[in-house]
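Work through the exercises below with the sequence and the model side by side. Try each task before reading its solution.

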Amino acid sequence: MIEVTDTQKIGVGLAAFGGFFLFLGVVLLFDKGLLAIGNILFISGLAFVIGLERTFRFFFQAHKIKATAFFFGGIIVVLIGWPMIGMLVEMYGFFLLFRGFFPVVINFLRRVPVIGTILNLPGISGIATWLEGDENHQKV
């Protein structure tokens, strides 16, 4: 079993609170204060979970520079005061940064009983397959 350190536990908490504040900021009509706090907590939580050096290596890889620029550019636009535009730019950067993880996540979610059934519904199945990047996906 993998041992989880106290620092990683704190990081998971920070990232979870970051996601909560981001969700709350979007629900409360793109409140820029909540979105800024959510962004800061999410990034710091990621740094606590995987370490500072790995975080820098993840964001500043040569093939991810465009994605990193969009992600951090979106954060800056939110901080400047245009939260809706900033969140759109940030979501695009997030999609570009983490698109390598989408096939793994979707394959995992397809095996979860209730969520797997939802992901196999006609309209949602096409979106999930597109996110997964597998055109030859066969339904089970």
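Predicted model: local features only at pLDDT ≥ 70, side-chain atom pairs only at ≥ 80, totals over all residues.

Residues are numbered from 1 along each chain as its sequence is written, and side-chain values use heavy atoms, with hydrogens and water left out.

**Exercise 1. The fold**

Task: State how many helices and strands the protein chain has.

Solution: 
- Step 1. Take helices (H or I, at least four residues) and strands (E, at least two) as DSSP runs, numbered from the N terminus.
- Step 2. The protein chain has eight helices and zero strands.
- Step 3. The pattern along the sequence is α-α-α-α-α-α-α-α.
- Step 4. Along the principal axes, the C-alpha atoms fill a box of roughly 45 × 40 × 30 Å.
- Step 5. Of the 140 residues, 29% count as buried. Buried means under 20% relative accessible area, exposed over 50%, partly exposed in between (1.4 Å probe, protein chains only).

**Exercise 2. Two helix pairs**

Task: Describe how α2 packs with α4, and how α6 packs with α8.

Solution: 
- Step 1. Helix α2 (residues 32–50) and helix α4 (residues 65–80) pack at about 145°, axes 9 Å apart.
- Step 2. List the contacts (heavy atoms within 4.5 Å). α2 brings Lys-32, Leu-35, Ala-36, Asn-39 and Ile-43; α4 brings Phe-71, Phe-72, Ile-75, Val-78 and Leu-79.
- Step 3. Sort by class: Ala, Val, Leu, Ile, Met, Phe, Trp, Tyr, Cys and Pro are nonpolar, Asp, Glu, Lys and Arg charged, and the others, Gly among them, polar. The α2–α4 contact has eight nonpolar, one polar and one charged residue.
- Step 4. Now α6 and helix α8 (residues 122–132): the angle is about 140°, with axes 8 Å apart.
- Step 5. Phe-102, Pro-103, Ile-106, Asn-107 and Arg-110 of α6 meet Ser-125, Ala-128, Thr-129, Leu-131 and Glu-132 of α8. This contact divides into five nonpolar, three polar and two charged residues.

**Exercise 3. Helix α5**

Solution: 
- Step 1. Buried residues of α5 include Gly-86, Met-87, Glu-90 and Leu-97.
- Step 2. The buried residues of α5 pack against α1 (6–27), α2, α3 (52–59), α4 and α6 (102–111).

**Exercise 4. Positive phi**

Task: Is Leu-29 buried or exposed?

Solution: 
- Step 1. Leu-29 sits in the loop between α1 and α2. Its phi is near 60°, positive in a residue other than glycine.
- Step 2. Leu-29 counts as exposed because its relative accessibility is 73%.
- Step 3. Phe-30 lies in that loop between α1 and α2 too, with a positive phi of about 55°. Phe-30 is partly exposed, at 23% relative accessibility.

**Exercise 5. Aromatic rings**

Task: Classify the pair of Phe-20 and Phe-21.

Solution: 
- Step 1. Rings of Phe, Tyr and Trp (its six-membered ring) pair if their centres lie within 6.5 Å; planes under 30 degrees apart are stacked, over 60 edge-to-face, the rest tilted.
- Step 2. The structure holds 15 aromatic pairs. Phe-20 and Phe-21 are edge-to-face, at 6.0 Å centre to centre and 70° between the planes.
- Step 3. Phe-58 and Phe-59 have centres 5.3 Å apart and planes at 75°, so this pair is edge-to-face. Both Phe-58 and Phe-59 are buried.

Terms used
Axes fitted to C-alpha atoms, helices over the stretch in contact; angles between N-to-C directions.
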